[in-house]
Amino acid sequence: MFRIRMLTGLLILVASVAAIWLTNNVGDWWATLIVGGVIGLLWTGAGVKTVIAVLAGGLGWILPLLWQAQSLPMGRASSVLAGMMGFGVGDGWIVWVLTAVFGILLSISATWLGSAIARLVTKPATT
Amino acid sequence: MAKKRNLTWGLGNVVAAAIVTSGLFYAGVHGIGPLPPIGPGFNPGTGVWRMASDAQLPMSQDLRINGLEQPVKVIFERNGVAHIEAKNDHDLYTAMGYLHARFRLDQMDLMRRQGEGLLSQIVGRKAISSDEFELQLGLERTAQQEWREMKPGDPARAVLLAYAAGVNDCIAQDEKSGNLPALFKLLGYQPAVWTPIDSLVIQGEMTQSLDFSTSPLDYALLVKAMGYQQTMKFFPILPPDTQHPYDTGPYADNGLAPIESSTTGEVQSISATEEKSILGLQKHFRDLPSTAIHQGSNSNNWAVNGTKTVHGEALMAGDPHLAQTLPSIWYQISADDPDTHFSGVSIPGLPLILIGHNQHISWSETNVQNQATLFYQEKTAKSHPHQYFWKGAWHPMQTIHYHIPVKGGQTVPLNVQLTVHGPIMTQEGQTLSVDWMGALPSPDLDVMLQIIHASNFTGFKSALQNWHAPSQNFVYADDKGNIGLISAGYYPIVKQGDMWLPLSGTGQSDVIGTVPFQDVPQVYDPPTDFVFSANQREVGANYPYYIGTTMDFFDNGYRADEIYQVLSHGKDLTVQDMERLQNSTTDYLATEIVPKLVSVLKKQTLTPQQRTAAKALSTWHDQMGVNSVAASIWWTFWTQYLQDTFEPWWAADKVPVAQDPSLAVGPNAALNEDLESWTLNDPTNAAFTAPGGAYRTASEVMQQAFSETVKQLSQKLGNHVSEWQWGKLHAREFQAVSQIPSLGYGPRPSSGDNWTVDAADSNNGYLSTAGPSWRFIMNWGDGKAIGIYPGGESENPMSPWYENFVQAWWNGTYAPMLSAKAASRAPGHVTWTLQ
């Protein structure tokens with residue numbers, strides 16, 4: 001039972017990352033909120049749900065960049081962007097962190113919202 | 001009860017989660033604090049990260065462009081230079097718009113926003129001064145008038161429309177694909193549709209940075225401080241030194257009377273209130289972007305005919321000195337269709353090249369530097385609100401209401417009031433309006449279209465009759481060996497009054513006309529066999545019209561003197577000779593003054609360190625090389641010599657330098673010319689004796705300045721004279737158009753100074769941010785041209801084409817300006833087919 005649950009969790013994580021990756025590719029960044037919301041609505045168990053949400057948001061926003069980094073100078077891009085944003089050109093890591101943290105926050109906040117709604121709708125009242 | 005509690009908790013949980021999620025969504029859409037809209041801005045698919053893939057060099061491909069009538073080929077050389085091959089003019093200019101937007105959209109958008117007073121909309125309140133000023137000055141009003149005056153059938157109208165269509169094709173594609181430049185994403189806005197008005201505003205912006213000046217205000221402050229006679233002694237109309245005008249006459253006077261000068265005792269001065277008002281206005285101007293007001297001087301150009309060249313055909317050279325930025329103001333391009341061929345440099349936002357060649361003629365521009373800005377003191381009264389007195393009656397001011405959108409703040413209302421002279425710039429203490437020639441419609445695009453299609457001097461000259469602003473010295477050479485130079489533009493003439501001071505607005509000093517085109521400075525195939533301009537006064541002292549003073553604002557002429565020296569003695573000249581002259585770092589003033597200084601020092605008792613410094617000067621060949629010790633000594637000496645001569649007068653007269661630093665003593669044209677002339681020809685001039693001080697001559701002031709120079713350099717660079725290289729004091733910097741420091745280049749130790757032919761223009765003489773923005777040489781011996789600019793074709797800082805020309809420019813080397821056919825045979829070229 002635990003293994004099936006883990007496997008399901010993994011599949012949901014992969015599907016979530018893929019969905020975020022693909023939707024970001026066409027500019028629909030807000031889709032991360034939907035993915036997070038769906039995780040929150042469908043998955044029970046706060047701990048695993050949080051882990052999936054964090055990983056989905058973080059990987060969904062960072063993996064495409066790492067993938068591009070195989071053929072493009074993404075490290076230099078982050079340095080240039082840091083300079084353009086008023087940080088030092090050696091502060092490219094800030095742009096990576098900003099990107100990842102924003103993806104995670106989107107995912108996890110929507111997961112929280114999804115779970116809150118799910119709990120409100122489905123949890124039986126105790127007397 | 002527990003159920004209710006649970007429900008409340010559950011609802012509270014949903015609300016809290018919804019608030020946090022909404023907050024993030026809001027931050028994603030609108031940004032938060034200093035952060036831009038993070039969602040669209042930083043998503044890995046279409047956000048700022050796209051800059052990396054967008055920077056990849058283009059590959060050969062087919063692209064779909066709306067509105068093309070037939071397919072167009074664009075060939076990119078390995079270095080990024082683009083060549084358009086179209087079947088008709090409409091497609092040629094559409095492709096040009098597309099290319100400009102593809103590689104310079106950010107720059108184009110910033111330029112139109114600056115001119116249209118819309119910078120605050122994207123950067124917030126810090127740009128309010130600039131926006132208010134531009135709306136007052138009215139570039140957009142002029143552009144709208146120019147557009148209205150272009151009737152259907154006007155070739156320039158068709159070109160502007162085709163160009164705008166190409167720009168908009170690119171914008172639409174970029175928006176769809178998420179390929180907009182990173183700055184749009186960081187600032188969180190989309191570019192508006194491009195219109196012909198935007199192009200005309202950019203044309204106006206160039207005019208503004210080339211000939212909008214505030215020197216009448218400077219004159220007014222100086223007259224207030226030191227009196228009219230003294231001001232005109234230090235800042236005379238005609239230069240006191242020997243110069244080399246290119247048009248030596250004889251001159252004609254076809255009707256308009258020269259201006260009357262009021263040197264007969266009528267003291268033109270201003271009250272303390274008016275002085276305060278002008279100082280406030282000057283402060284306002286100082287807060288504007290550096291290109292808003294014309295400062296310094298610009299550019300060299302020359303041509304020699306076959307008599308002086310090794311191959312018997314003409315050679316022509318041009319290097320416009322403008323702010324050196326990244327991306328550059330220039331985008332190099334060639335274009336061909338059955339009716340049109342041109343190759344040269346264009347300004348992103350404008351659909352034509354400004355400098356370059358066609359099959360038969362070549363041309364380049366320098367700034368004429370004549371006075372094109374007049375200030376008027378309007379007569380107003382409390383009993384006549386919103387009115388001004390003109391020609392014996394009160395007239396209502398025209399008021400235009402603007403609303404300046406401000407990012408992160410409330411819209412700022414602005415009322416611009418206009419008199420018959422132009423917009424009112426201040427009403428604090430006095431009502432000052434400005435009559436600027438650049439505000440008048442000028443069909444520059446029509447003129448450039450005619451030039452591009454001209455095949456001889458007749459066509460060239462005929463086109464320039466309609467060029468009004470900015471006034472430019474157009475050098476010319478052709479494939480038949482002819483050369484020429486025409487200083488085209490408006491030269492305003494007023495009924496009476498000193499144009500270099502604020503004029504009375506009541507009617508007696510209005511502009512009554514301009515110098516007729518046949519009388520403007522010009523030469524064609526002169527007996528000297530060469531023509532040249534370097535912002536020096538173009539004509540001699542007996543030219544019958546007033547065209548400006550030494551402060552408003554001809555160059556000191558030292559670049560022109562050096563060019564004259566080289567070309568007048570030149571024989572069997574080659575392209576390499578032209579290159580050497582464009583890259584010359586000879587300081588002409590040093591060639592005149594240093595021998596005098598060395599001679600003075602020989603008679604003095606010097607310390608060992610001073611002797612070493614003097615020896616460095618005596619063996620120097622006047623080259624402002626980056627490793628030259630003598631160059632440091634010379635420049636420091638000259639600026640100190642100026643200080644020691646003029647500063648006592650400034651102090652005695654209480655010139656308000658603290659309030660207006662532009663009035664400070666420094667190496668500006670007029671004071672350089674005064675001191676040069678007195679040192680060489682009048683060493684006992686009374687100006688050398690400080691007011692109330694002991695009698696001094698040039699020699700004594702030179703000796704004092706030299707002693708101070710050695711002391712200064714010891715303090716700055718150490719006691720060893722051998723360590724005083726010029727590159728330790730002097731550098732060049734190419735600032736980013738976006739003003740983002742990390743996207744600029746330098747500062748890097750550099751050769752040259754303010755008046756070497758390879759000019760290093762700066763306010764303080766030590767950090768140069770302007771200079772040769774493009775070096776171009778046309779060889780009519782083989783019909784080939786070479787050129788280079790310090791920058792690159794792409795504005796994407798990650799692109800290999802961002803600054804790939806900088807090193808070659810720095811080294812003084814050039815790239816061949818290939819034809820489209822030659823480019824298509826060059827290794828590494830890439831072809832786009834637009835259809």
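In this predicted model, Gly75(A), Ser78(A), Ser79(A), Leu81(A) and Ala82(A) of H4(A) meet Gly92(A), Ile94(A), Val95(A) and Trp96(A) of H5(A). The axes of the two helices are 7 Å apart and cross at an angle of about 95°. Angles of 65 to 115 degrees count as roughly perpendicular, and H4(A) and H5(A) are therefore roughly perpendicular to each other.

H4(A) is mostly covered, with 9 of its 11 residues buried. The buried set consists of Met74(A), Ala77(A), Ser78(A), Ser79(A), Val80(A), Leu81(A), Ala82(A), Gly83(A) and Met84(A). Within chain A, these residues pack against H3 and H5; in chain B, they pack against helix H3 (50–54) and helix H9 (182–187). After H4(A) comes Gly86(A), which has a positive phi near 95°.

The rest of chain A can be described around this pair. The chain has 5 helices and 0 strands, in the order α-α-α-α-α from the N terminus. Along the principal axes, its C-alpha atoms fill a box of roughly 60 × 30 × 25 Å. Of the 127 residues in chain A, 43% are buried. Among contacts in chain A with a separation of 6 or more, 68% join residues 24 or more positions apart.

Helix H3 of chain A covers residues 46–69. At 1.5 Å a residue, its 24 residues should span 34 Å, and this agrees with the 34 Å between its end C-alpha atoms. H3(A) has a kink of about 35° centred on Leu59(A). Leu59(A) is also one of the buried residues of the helix, which include Gly57(A), Gly58(A), Gly60(A) and Trp61(A). The buried residues of H3(A) pack against helix H1 (2–25), helix H2 (31–42), helix H4 (74–84) and helix H5 (92–122) of chain A.

What does each chain bring to the contact between A and B? Chain A supplies 38 residues and chain B supplies 35 residues. On the side of chain A that touches chain B, H1, H3, H4 and H5 each supply at least two residues. H5(A) gives the most to that side, with 13 residues.

In chain B, the domain assignment gives domain 1 (2–42) and domain 2 (588–622 + 627–729). The centres of these two domains, taken over C-alpha atoms, are separated by 68 Å.

Just after H6(B), Gly138(B) takes a positive phi of about 90°.

Thr411(B) lies in the loop between strand S15 (398–404) and strand S16 (412–418). A residue counts as exposed with 12 or fewer C-beta neighbours within 10 Å; Thr411(B) has 12 and is therefore exposed. Leaving aside neighbours within four places in sequence, Thr411(B) is in contact with His403(B), Ile404(B), Pro405(B) and Val406(B). Thr411(B) and Arg125(B) are 286 residues apart in sequence, with their C-alpha atoms 10.0 Å apart in space.

Pro827(B) sits in the loop between helix H24 (820–825) and strand S33 (830–834) of chain B. Pro827(B) counts as exposed because it has 6 C-beta neighbours inside 10 Å.

Most residues other than glycine have a negative phi, and most peptide bonds are trans. The peptide bond from Leu326(B) to Pro327(B) is cis, with omega near -10°; Pro327(B) is in the loop between strand S7 (325–326) and strand S8 (331–337). The bond from Asp552(B) to Phe553(B) is also cis, with omega near -20°. Phe553(B) lies in the loop between strand S25 (530–533) and helix H16 (558–569).

Gln369(B) is not a glycine but has a positive phi of about 75°. This residue is in the loop between strand S11 (361–367) and strand S12 (373–378), and it counts as buried because 30 other C-beta atoms lie within 10 Å. Asp525(B), likewise not a glycine, has a positive phi of about 45°. Asp525(B) lies in the loop between strand S24 (522–524) and S25, and with 13 C-beta neighbours inside 10 Å it counts as partly exposed.

Note on methods: Residues are numbered from 1 along each chain as its sequence is written. Chains are lettered from A and ligands numbered from 1 in the order in which they are written. This is a predicted model: local features need pLDDT of at least 70, side-chain atom pairs count only at pLDDT 80 or more; totals for chains, interfaces and linings use all residues. Helices (H or I, at least four residues) and strands (E, at least two) are DSSP runs, numbered from the N terminus. A residue is buried if 20 or more other C-beta atoms lie within 10 Å of its own, exposed if 12 or fewer, and partly exposed in between; C-beta atoms are placed from the backbone. Two residues are in contact if their C-beta atoms, placed from the backbone, lie within 7 Å. The expected span of a helix is 1.5 Å times one less than its number of residues. The bend at a residue is the angle between axes fitted to the seven residues ending there and the seven starting there. Domain bounds come from an automatic or database domain assignment. Axes are lines fitted to C-alpha atoms, for helices over the stretch in contact, and angles run from 0 to 180 degrees between N-to-C directions. Angles under 35 degrees count as roughly parallel, over 145 as roughly antiparallel, 65 to 115 as roughly perpendicular and the rest as oblique.
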